[in-house]
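Colleague: I am new to this structure and would like to learn how to read it. Could you take me through it feature by feature?

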Amino acid sequence: MIFKHTYDIPIQPYFKHKPDLNIVTNDDLISEAETREDGLDSLIEELPTKIINLDKIVPTQEGIHSYRLKETSEYTELPLLVKINGLFYIEDGHHRIVSCIIGNVPIKAKVYDYKRRVLTNGYWK
């Protein structure tokens, strides 16, 4: 049985792009992390931190939870975005990014550049 999240706040009003629920962004990250002795956390720590234009960010889930939105001030780690063909897909941090949008704060995130894959005829290769 597939577990479906039930969110109390829809994500769409906050972003220009509709949520892409079919894209898988973490397989390349995990593959690269597996080749390293220090693992995924170290890889993410080494990623560049960038300020990202909201128009280029694509959510990867349909909504957020209001109770988690209130907790975002407790998080110290930056959201993680995966750059594919000039767009930034949210791998981790939907609540933190929406919190920045609501507070009119620049969106700072760790960015993994997914250079190895290209969209060709509707398929990632």
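**Reading the model**

Modeller: The chain has four helices and nine strands. Keep in mind that this is a predicted model.

Colleague: Which pattern does the chain follow along the sequence?

Modeller: Read along the sequence, the pattern is β-α-α-β-β-β-α-β-β-α-β-β-β.

Colleague: Of the contacts between residues at least 6 apart in sequence, what percentage join residues at least 24 apart?

Modeller: Of those contacts in the chain, 77% join residues at least 24 apart. E45 belongs to helix α2.

Colleague: Is E45 buried or exposed?

Modeller: E45 counts as exposed, because its relative accessibility is 63% and the cut-off for exposed is over 50%. For the chain as a whole, buried residues make up 34% of the 125 residues.

Colleague: Which residues have the most contacts inside the largest nonpolar core?

Modeller: They are F15, I57 and L81, in a core of 16 residues. At least two residues of this core come from each of β6 (87-92), α4 (94-102) and β7 (107-113). There is also a second, separate core of 12 residues, and L47, V82, Y89 and Y112 are included in it.

Colleague: What is L81 in contact with, leaving aside its neighbours within four places in sequence?

Modeller: With those neighbours left aside, the contacts of L81 include I52, I57, F88, Y89, I90 and I97. Further along the chain, A109, K110, V111 and Y112 are also among them.

Colleague: Now the empty space. How should I read a pocket?

Modeller: Rolling a probe the size of a water molecule over the atoms shows where empty space is left. In this model, the largest pocket holds about 330 Å³ of space. It is lined by 14 residues, and those closest to its centre are D41, I44, E77, L80 and D92.

Colleague: Which elements give two or more residues to the lining of the largest pocket?

Modeller: α1 (26-34), α2 (39-46) and β6 do. The largest share, four residues, is from α2. By type, the lining of the largest pocket divides into seven nonpolar residues, one polar and six charged.

Colleague: What is the idea behind a salt bridge?

Modeller: Side chains of opposite charge can pair when their charged atoms come close. The structure holds one salt bridge. The side chains that meet in it are those of D92 and R96, at 2.9 Å from N to O.

Colleague: What about phi of N104?

Modeller: Phi of N104 is near 55°, again a positive value in a residue other than glycine. The loop between α4 and β7 is where N104 is found. N104 counts as exposed, because its relative accessibility is 72%.

Notes: Residues are numbered from 1 along each chain as its sequence is written. This is a predicted model: local features need pLDDT of at least 70, side-chain atom pairs count only at pLDDT 80 or more; totals for chains, interfaces and linings use all residues. Side-chain values use heavy atoms; hydrogens and water are left out. A nonpolar core is a set of buried Ala, Val, Leu, Ile, Met, Phe, Trp, Tyr and Cys residues joined through side-chain atoms within 4.5 Å. Buried means under 20% relative accessible area, exposed over 50%, partly exposed in between (1.4 Å probe, protein chains only). Contact means heavy atoms within 4.5 Å. On a 1 Å grid over the protein atoms alone, a cavity is a set of points where a 1.4 Å probe fits but cannot get out, and a pocket is an open set with protein on both sides within 12 Å along at least five of seven lines; lining residues have an atom within 4 Å of a point. Grid points are joined across faces, edges and corners, and a volume is the space filled by probe spheres set on the points. Ala, Val, Leu, Ile, Met, Phe, Trp, Tyr, Cys and Pro count as nonpolar, Asp, Glu, Lys and Arg as charged, and the others, Gly among them, as polar. A salt bridge is a side-chain nitrogen of Lys or Arg within 4 Å of a carboxyl oxygen of Asp or Glu.
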